[in-house]
Amino acid sequence: MVPEPETWTHELKERAAYLWFGKMLAITGGIATFFTAYFWVMRHPLSAMTVVPVTWIDDLIFFYPPSFLVYVSLWVYVGLAPTLARDARELAAWGAVSFAMAVIGLGIFLALPTKVPDFGVDWARYPLLAFLKRVDVLGNACPSLHAAFAVFTAVVLHMQLTAMRAPRIVLAGNALWCLGIVYSTMATRQHVALDVIAGSVLAGAASMVYVGVCARRMGITRRS
């Protein structure tokens, strides 16, 4: 009897099961460490905060409170890439590049602190957003690490899903989730367009490093 060909979901399950406990610790510990450093930097800027100016792009994005749910979904989204790492080396590459991106972003926040302008919104009318504003105090604005990690995650997931031969609708869903998160950073008034652009540039640089590391590794594997 000829065995049925493995589907992309079979490989997805295998990837998710591989080192699952170590991945869980890495994701949880990484997010906790990031937030600890994030709020420390926010409270210890080395100079006065600069307000990031709005542009015509911001005028096109209307304030949309329900997008808060998409905004916070980032912390589920970023966990997918390490979860689907196929081995320890891929997981380490993701961790190293993510760490470098966070250090660069936090270093910029520390040396050149920025905040978003006052949009004149009555936050008391939106309890969830009001809580977010109290915690985040609208600092650490540029570059938007929310956008940076969303874009970097989208690139990594695209590579992983492509390697698994996932259908196009899944690849499209990945791209749409990323775009939704990027959009939500402006629709919740957590960031302005310049923050998002700067964060995307940072993610682009990080993605190039990650792709280079993966391509080099594949070349070494093939030669061996």
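Analyst: What follows starts with the salt bridges and then moves to the packing around them.

The model is predicted, so local features need pLDDT of at least 70 and side-chain atom pairs count only at pLDDT 80 or more, while totals for chains, interfaces and linings use all residues. Residues are numbered from 1 along each chain as its sequence is written, and side-chain values use heavy atoms, with hydrogens and water left out.

A salt bridge here is a side-chain nitrogen of Lys or Arg within 4 Å of a carboxyl oxygen of Asp or Glu. The count is three. Start with R15. Its side chain meets that of E11 at 3.1 Å, N to O. Both residues sit in helix α1 (residues 8-17), four residues apart, about one turn of the helix. Helices are DSSP runs of H or I, at least four residues, numbered from the N terminus.

R15 also forms a salt bridge with E90, with the closest N and O atoms 3.7 Å apart. This pair links distant parts of the chain: R15 is in helix α1, E90 in helix α6, and 75 residues separate them. E90 in turn meets R86, at 3.5 Å from N to O. Shared partners join E11, R15, R86 and E90 into one network.

How buried are these residues? Buried means under 20% relative accessible area, exposed over 50%, and partly exposed in between (1.4 Å probe, protein chains only). R15 is buried, at 4%. E90 is buried too, at 7%. E11 is partly exposed, at 25%. R86 is partly exposed, at 39%.

Y210 touches E90, along with A93, W94, V97, F152, V156 and M159; residues up to four places away in sequence are not counted. Contact means heavy atoms within 4.5 Å. Y210 is among the residues with the most contacts inside the largest nonpolar core, as are M101, L145, F149 and F152. That core has 45 residues. A nonpolar core is a set of buried Ala, Val, Leu, Ile, Met, Phe, Trp, Tyr and Cys residues joined through side-chain atoms within 4.5 Å. Elements giving two or more residues to this core include α6 (88-111) and α10 (193-223). The largest share, eleven residues, comes from α8. A second, separate core has six residues, including Y71, W123, L129 and A130.
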